Amino acid sequence: MYDGAGVWGAYDEIDVAIIATTVPEPFGRIPIEAAAAGAPTIGARVGGITESIRHGENGLLYDFRDSADLTRQMRRILEEPGLYQRLRGPLSPGRHAHHGCGSGGGLSHRARQCGRGEALSVPTVLIVGAG
């Protein structure tokens with residue numbers, strides 16, 4: 001478990017958060033924290049998680065307890081051109097504010113040509129599970 005400062009340090013290192021929960025979350029704080037750090041979240045379509053993730057706008061939702069759908073959403077963010085950039089668009093800039101395309105750091109280094117809308121190639125992911 002991270003302390004308060006450690007939580008933000010961890011979020012600063014990720015591109016995508018994934019909530020792989022098997023129990024309903026009454027108030028999912030992970031999507032809110034991830035958004036504040038500039039990272040979209042893939043979360044279960046259940047409970048409070050649906051209050052903060054707008055599917056296809058600032059994150060992706062998968063059907064609760066459906067691992068095949070979770071896999072589909074993860075593949076989408078890896079393979080669908082421009083999706084990662086579109087999901088990240090409305091979020092707080094977080095660490096990505098100082099990593100423009102071609103600057104050689106963070107996601108832009110891994111995606112190489114994010115300005116042209118390529119898919120996310122090698123993301124750093126925070127996976128949170130409950131239950």
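**View 1. Aspartate 69 and arginine 72 form a salt bridge, with their closest N and O atoms 3.3 Å apart.** A salt bridge here is a side-chain nitrogen of Lys or Arg within 4 Å of a carboxyl oxygen of Asp or Glu. This is a predicted model, in which local features need pLDDT of at least 70 and side-chain atom pairs count only at pLDDT 80 or more, while totals for chains, interfaces and linings use all residues. Residues are numbered from 1 along each chain as its sequence is written, and side-chain values use heavy atoms, with hydrogens and water left out. Both partners lie in helix H4, three residues apart, which is about one turn of the helix; helices (H or I, at least four residues) are DSSP runs numbered from the N terminus. Aspartate 69 is buried at 7% relative accessibility, whereas arginine 72 is partly exposed at 44%, where buried means under 20% relative accessible area, exposed over 50%, and partly exposed in between (1.4 Å probe, protein chains only).

**View 2. Glutamine 73 is found in helix H4, which spans residues 67-79.** Glutamine 73 is buried, with a relative accessible area of 7%. Leaving aside residues up to four places away in sequence, glutamine 73 touches Ile42, His55, Leu60, Leu61 and Tyr62, a contact being heavy atoms within 4.5 Å.

**View 3. Glutamate 80 forms a salt bridge with arginine 86, the closest N and O atoms being 3.5 Å apart.** Salt bridges that share partners join Arg76, Glu80 and Arg86 into one network. Glutamate 80 is partly exposed at 27% relative accessible area, and arginine 86 is partly exposed at 43%.

Terms used: Helix = DSSP H or I, 4+ residues; strand = E, 2+ residues; numbered from the N terminus.
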